[in-house]
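Work through the exercises below with the sequence and the model open side by side. Each task is followed by a solution in steps.

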Amino acid sequence: MLGSIEKPVEDKSNRLGMTRVGGRMIADYWDDLFTARERGKKIVWYNGGALNPMFQAAGLAWCHGEAFAARLAAQRLEGPAQLAGAEYGYNAELCSYSRTHLGCSVLTLQGTEGDQTGVVGVHDQEVLAAKLPAPDFFVNNYAGCSTGQQWDGISYRVFGKELPIFNISHPFLWGNKPDSGYLRGEEWETASRFVADQLRELIGFLENQTGRPFDYDALSESMTYIKRAGELRREGLDLCKAKPAPATFWDWIASVAPINFLPGNQALVDYFADVRDEIQGRIDNGVSAVKDEKYRLYFDGIMNWNKLGYLSRKFAEHGVAVLAGRYIQNAFWQEPHLIDTSDPILGMAQHYLLCPTNHGAKTLEYLTLRDCEEYGLDGLVFHSTRTCRAFTGPQRLLARSAQDKLGIPSIFFEGDVADASFYKDGILESRLVAMLEAIDVRRERGSLPDGFSAFA
Amino acid sequence: MTDASSEAMERLVGVARDPRAYVGRWRAEHPGGAVLAILPMNFPRELAHAAGALPVIVQDDQQPITEGRALLAEFYCGYTRNLADQVATGRFDLYDAVFTADHCIQLIGATEIARTLKPDTTVFLGMLNSSMNDSWAPAKVTETMAEIRAEIERFTGNPVGPDALRQSIEACNRDRRLIRQLLDTRSAGEAALSPVELQDIIVSSMVMDPVEHHALLLEALAGLHGTERDDRVRVHLSGHLCHAPRRELLEVIEDSGAIVVDDDLYHGRRYLSTDVAEDGDPIAALAGWYARRNVTIPCPTRVQQDADWDVYLLDAVRHSGAEAVIHLVPKFCEPHMLYYPELRKALDAADVPQLQLETEHEGMPLESFRTRIEALVERALRRRPVHV
């Protein structure tokens, strides 16, 4: 309306202060990577599960492709890479992580070869391509999504088929056997050993690439820190079951990068200890993550990285504490008890298999409903992640299960991991409001099942 | 064609267009026999055939998607959404079990719909290692083939011994070879069969018992007379890795001044490209077949550093004398979207005119496609030498 002034919406979110510390750690990591070549480091590009402890022990610098795409999206710098990818021929419906990262590959090559196509500006290339050092070799560690393995296969081709590449194959945990289940059964045991064997092969590959014997002690040391960080992260997550919630899904999203690819060291442990302590401090002092928390929801889907701050404020504005999600509770060294620090290979392999897109729907149903119950949730929000078929595949089935077995409702909204153009704010707003009203009505009628009573 | 061969061809077309009716007849003739839904792209049908079952590669049945829309996101490929719809509307009920061997995340999504909506049905994934250069891949693939055999034996209650398996391998090879001959003669200049007829022949081979199919196809071909190509622009069709392009699209291509001389479609050369070794251990032979298929015609769903789809495509174009390539990319097919720029680069470098058409399950803009194909044809025609 002409002349109207939009009233600023009160920010009811209260994000953890420690996430700012995490942000600095991440920025330092990338700055370090951008200058790695100058310091004589070999550089590996990789995708999928967190192989960084391996690379750390091998004395390498590492670039996680998805993480770099996510970082660009979070900083709203993804445009030039995506334009370069589009000019090269990648369709906009292709996984936006891969599209952004492959666009970076194109830019990186143009930067090194001086091939200017005229579409992407020189300045943008300086910002992106000049900073991201070209790889010396690739390692693919993708479980769950078939696109992940193909993506690195194409990166290898974009770089002229000249760089070494190592692939780790992960069986999809489909559940063929009668004894199949989460962390159990013949299928789980066989797949764990299969991937562990490949990790041992990877060590030989890394020795060839670096020309040095692999430092197993360094791997044990790194994994000792990561295991401890994983335990502290779990403790912090468990504390968030408190009512009102002391921290939310969005705080944990902001802490994905540290647990996913920062070096395993004391700083990492300190970070997650401080996160846990801040959460405990909030419980002790009655501080909530969302002002006037009224609803508690689950969020399924990979993060819409360029909307993190916006979504945290949006949900809080409606009194919603988003507390659990497949991408948080069921990802990123989430079962630290599996790691034997004196011989961490098997536990690492198992975590790679535990990628949240590598389970059959039965296991995902178990995990999702478990978390809904444990966190006392009122409903689910499914981020129908436009270019991520791996995450979205079972979502409709999970929504049905939550309704049928727990009696809790769901909504879907469309967005994407690294392409803001797919996000439709009006759809999320209207569907969220409708679901919250439905929850209100059901509370008034007292029709929520046990464990889901109205929370004031 | 003679009356007998026309009738045989009609029967093949009938099976291709209505697999359900064929399955019904097969059941009547094989009381107690199991009908297995097989999902593309690399499942060894021979194992199911050797167990006395009918392995039917499930086709995109070209019906509008209704209830399936509520089960898979609209940005899944048309084939997988169609599969979900077949399950949701009961059109999948003619199968006794579902077997698949490929790790495509969208296919797995559709398979999950079958498993969830049909909880009492066996839905088996024997996942074939898709990273072909892994040193452990041969052993792993052989192990998976043995697992598939064991599961089929368990499900059907019939043992799959080496002799029975060899016989099934021979039967499937025979049928593959016969159809491949048709494709080879097409590349060499034969134009007796249209792309729609060839597609019907291939679809029927995916549905029928291979022995029966081979006999019927021989009958159909008995009255076939050679027909030379006319001077339409020779095109190679590339893509559609796991389901058939719509028949009306094939017709529009040939109505627009082009003639299809070769392809690497799943419902084309890709499906038939490779025979299984008939000697030695048959399980090892099936594993070897899986590996060689990706060398014969590389597939972007596999990762293999020393097998290049772009190189294959250029060789095929040179071999058939194709003057242009039409890429048929099913909307949302990620492996094809990933590999497409490599194909484009290679064809551009070789100065081969090309056109990308993004196909959809429903609502394909055929008239828009016609205009674009006509433009491609014009472009190719201008390259022909002028004779004065």
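**Exercise 1: a pocket lining**

The residues lining the second largest pocket divide into 17 nonpolar, twelve polar and twelve charged, where Ala, Val, Leu, Ile, Met, Phe, Trp, Tyr, Cys and Pro count as nonpolar, Asp, Glu, Lys and Arg as charged, and the others, Gly among them, as polar. This is a predicted model, in which local features need pLDDT of at least 70 and side-chain atom pairs count only at pLDDT 80 or more, while totals for chains, interfaces and linings use all residues. Residues are numbered from 1 along each chain as its sequence is written, chains are lettered from A in the order in which they are written, and side-chain values use heavy atoms, with hydrogens and water left out.

*Task.* Find which helices and strands supply at least two residues each of the lining of the second largest pocket.

*Solution.* Step one is the space itself, which is about 920 Å³. Of the 41 lining residues, Trp174(A), Gly175(A), Asn176(A), Lys177(A) and Glu187(A) are the closest to the centre of the pocket. Step two is the list of elements: chain A supplies α8 (186–210), α16 (361–374) and α18 (395–406), and chain B supplies α5 (105–117), β4 (122–125) and α6 (137–156). Step three is the largest share, seven residues, which comes from α6(B).

**Exercise 2: a helix and its surroundings**

*Task.* Determine how many residues of α7(A) are buried, which here means under 20% relative accessible area with a 1.4 Å probe and protein chains only.

*Solution.* Begin with the helix, residues 146–158 of chain A, whose 13 residues reach 19 Å from the first C-alpha to the last, close to the 18 Å expected at 1.5 Å a residue. Next, count the buried residues: 13 of the 13 are buried, so α7(A) is largely enclosed by the rest of the structure. Finally, look past the helix, where Gly160(A) follows with a positive phi near 80 degrees.

**Exercise 3: a cysteine in a strand**

*Task.* Decide whether Cys63(A) is buried or exposed, and list the residues that it touches beyond four places in sequence.

*Solution.* Second, take its relative accessibility, which is 0%, so Cys63(A) counts as buried. Third, collect the contacts (heavy atoms within 4.5 Å): leaving out residues up to four places away, Cys63(A) touches Tyr29(A), Trp30(A), Leu33(A), Val44(A), Trp45(A), Tyr46(A), Phe68(A) and Leu132(A).

Key. On a 1 Å grid over the protein atoms alone, a cavity is a set of points where a 1.4 Å probe fits but cannot get out, and a pocket is an open set with protein on both sides within 12 Å along at least five of seven lines; lining residues have an atom within 4 Å of a point. Grid points are joined across faces, edges and corners, and a volume is the space filled by probe spheres set on the points. Helices (H or I, at least four residues) and strands (E, at least two) are DSSP runs, numbered from the N terminus. The expected span of a helix is 1.5 Å times one less than its number of residues. Buried means under 20% relative accessible area, exposed over 50%, partly exposed in between (1.4 Å probe, protein chains only).
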